[in-house]
Amino acid sequence: MKREDLALAPAVLRDYLSYHETIAGHSEKTVDEYFLDLRMFLRFIIHNRLPASTPMEDVSILEVDKAFLQSVTLNEVYDFMRYLSRERPTRQNSPHTGYGLAASSRTRKIVAIRSFYKYLKKFHIIEENPMSELESPKQMKKLPRYLTLQESLALLDAVEGRHAERDYAILTLFLNCGLRRSELAELNLTDIGEEKMRVFGKGGKERELYLNDACREALGAWRTARDKLNTEEKALFLSGQGKRMHPNTIHALVKKTILRAGLDPARYSTHKLRHTAATLMLSHGVDVRTLQEVLGHEHLNTTQIYTHIDNTELRMAAKANPLSRVRKKSQ
């Protein structure tokens, strides 16, 4: 977040954000999102209590204190949610904007509000938590989009160019290990062993993943090519300038290779490769709790979105049952 924005935040909000980054171990991106969500929330509450002459985006939250926070009611929060679902622009300052945020975006703001008030109660900044009964909007569950096995093979076959060894190793790790883009970008040479690699996930949580034959072979080819660069950079994957690859650069090369493979880059991304790895593992015998460990999910219900198997495999499973061919005997 911008320093000038944080300087205009009340001390209680700055302390909360600092707690989440230094004690709770949340990523900088997560803390930034909490700040933006809570700033919007506080601005809305203040705006609704004032004459409607000041644009909401210009409302200051600097004077917010514990008395104000204690005074916020559930009805005001539900007014805020109504505003988000009906009036909030989906693309600020765009002539093509729509109105009304998706349930997932509204839920994220509810999570931020709940977390903030839980912190206020925990540290005795407020006496009672008015958000203890706050409910989340109901969300329609969407199946994650993923590549089929054949599409995954086509993607790997589409790798070419002067960085072919690097790009092939990157795609191989995505498709076999289900890494997040940020996790792959942060890998160092020292994180890669003979059989395992060390991955640092969200909140700095460390996990070890075994490397299969495809990963070991791809990493070996890249290490051989990398050694010729004669660099002291500790990052595993390097840009054309010999520096650690930025996650956005990784995202761009994945999109480029997806297009070269004849797939739609608007439908698939690095995160869809994570979905692909999870789906392939699950459909080939990996149980959901093991998959939870591989993906680095804190909660099992996050992993359970992958417990879908495509319709073809479901039909095959149904036909495989020996009772599938039994017919009722005629009387």
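## Salt bridges within and between elements

Asp79 has a relative accessible area of 30% and is therefore partly exposed, a class that lies between buried (under 20% relative accessible area) and exposed (over 50%), with a 1.4 Å probe and protein chains only. Arg82, at 40%, is likewise partly exposed, and Asp79 forms a salt bridge with Arg82 in which the closest N and O atoms are 2.6 Å apart; a salt bridge here is a side-chain nitrogen of Lys or Arg within 4 Å of a carboxyl oxygen of Asp or Glu. Because Asp79 and Arg82 are three residues apart in helix 5 (residues 74-86), about one helical turn separates them. Helices (H or I, at least four residues) and strands (E, at least two) are DSSP runs numbered from the N terminus.

The structure holds 15 salt bridges. In one of them the side chains of Asp37 and Arg108 meet at 2.9 Å, N to O; Asp37 lies in helix 3 (residues 28-49) and Arg108 in helix 6, so the pair ties together parts that are 71 residues apart in sequence. Asp37 is buried at 2% relative accessibility, whereas Arg108 is partly exposed at 34%, and a network of salt bridges links Glu33, Asp37, Arg108 and Lys109.

## Basis of the model

The model is predicted, so local features need pLDDT of at least 70 and side-chain atom pairs count only at pLDDT 80 or more, while totals for chains, interfaces and linings use all residues. Residues are numbered from 1 along each chain as its sequence is written, and side-chain values use heavy atoms, with hydrogens and water left out.

## Packing of helix 2 on helix 6

Helix 2 (residues 11-22) packs with helix 6 (residues 103-122) at an angle of about 100 degrees, their axes being 11 Å apart; axes are lines fitted to C-alpha atoms, for helices over the stretch in contact, and angles run from 0 to 180 degrees between N-to-C directions. The contact (heavy atoms within 4.5 Å) involves Val12, Leu13, Asp15, Tyr16, Tyr19 and His20 of helix 2, together with Ala112, Ser115, Phe116, Tyr119, Leu120 and Lys122 of helix 6.

## Surroundings of Cys215

Cys215 lies in helix 10 (residues 213-227) and, at 1% relative accessibility, counts as buried. When residues up to four places away in sequence are not counted, Cys215 touches Thr172, Leu173, Asn176 and Cys177. The C-alpha atoms of Cys215 and Glu195, which are 20 residues apart along the chain, are separated by 9.6 Å.
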